[in-house]
Amino acid sequence: VQLQASGGGLVQAGGSLRLSCAASGRIFSSYGMGWFRQAPGKEREFVAAFSWSGGSTYYADSVKGRFTISRDNAKNTVYLQMNSLKPEDTAVYYCAADPWATAQAMGVRTFQEIDYWGQGTQVTVSS
């Protein structure tokens, strides 16, 4: 699976962005999909995930109510709609894929445990 993330940019606090992650290769619908982020000097952290079955989502507490993950299996794409952005959301955002993963499983897996990563897209939120 190859993942291509896009949609990052510079936005003011309170604004919105939508990230996209296009997947190619193996059967997209059999993969749990997720978004992670890494701020300067910090470890990569989980943001949101969608189960392989498409039946459930899971969010980090820090983004609940502000971010929404969705997937379009017909387009092999997963999205992250980010609203009410805060300066602390500034980070490089990575999409990730793991075969047969539930949303909750994506939320607790380490960097090494996830099979596929995209290249990252920068999100900068100014105050």
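**Notebook: rings, a disulfide and an arginine**

I began with F36, which is buried at a relative accessible area of 4%. A reminder to myself: the model is a predicted one.

Next I looked up the ring partners of F36. The rings of F36 and W117 are edge-to-face, because their centres are 5.0 Å apart and their planes stand at 65 degrees, where over 60 counts as edge-to-face. This pair links distant parts of the chain, with F36 in strand β4 and W117 in strand β10 (residues 116–117), 81 residues apart.

I then searched the whole structure for aromatic pairs and got 7. One of them is F36 with F46, also edge-to-face, at 5.5 Å centre to centre and 75 degrees between the planes. Here too distant parts of the chain are linked: F46 belongs to strand β5 (residues 45–50), F36 to strand β4, and they are 10 residues apart. F46 is buried as well, with a relative accessible area of 12%.

Which residues do the ring pairs link into a cluster? I wrote down F36, F46, Y58, Y94, F111 and W117.

I also checked for charges over these rings. R44 lies over the face of Y94, 3.7 Å from the ring centre. The charged end of R44 also sits over the ring of W117, at 4.7 Å from its centre.

On to another arginine, R37, in strand β4 (residues 31–38). Is R37 buried or exposed? I noted it as buried, because its relative accessibility is 5% and the cut-off is under 20%. Which side chains does R37 reach with polar contacts? I found one with the side chain of D89 at 2.9 Å, and another with the side chain of Y93, at 2.9 Å. Setting aside neighbours within four places in sequence, I listed the contacts of R37; among them are E43, R44, E45, V47, S62 and F67.

Last, I looked for disulfides and counted 1. It joins C21 to C95, with S to S at 2.1 Å. The link of C21 and C95 is right-handed, with 55 degrees about the S-S bond. I checked both ends for burial: C21 is buried at a relative accessible area of 0%, and C95 is buried, at 0%.

Conventions: Residues are numbered from 1 along each chain as its sequence is written. This is a predicted model: local features need pLDDT of at least 70, side-chain atom pairs count only at pLDDT 80 or more; totals for chains, interfaces and linings use all residues. Side-chain values use heavy atoms; hydrogens and water are left out. Helices (H or I, at least four residues) and strands (E, at least two) are DSSP runs, numbered from the N terminus. Buried means under 20% relative accessible area, exposed over 50%, partly exposed in between (1.4 Å probe, protein chains only). A polar contact is a pair of N or O atoms within 3.5 Å; within protein, one must be able to donate a hydrogen and the other to accept it, and residues adjacent in sequence count only if both atoms are side-chain atoms. Contact means heavy atoms within 4.5 Å. A disulfide is a pair of cysteine sulfur atoms within 2.5 Å. Rings of Phe, Tyr and Trp (its six-membered ring) pair if their centres lie within 6.5 Å; planes under 30 degrees apart count as stacked, over 60 as edge-to-face and the rest as tilted. A charge sits over a ring if NZ of Lys or CZ of Arg is within 6 Å of the ring centre and within 35 degrees of the ring normal.
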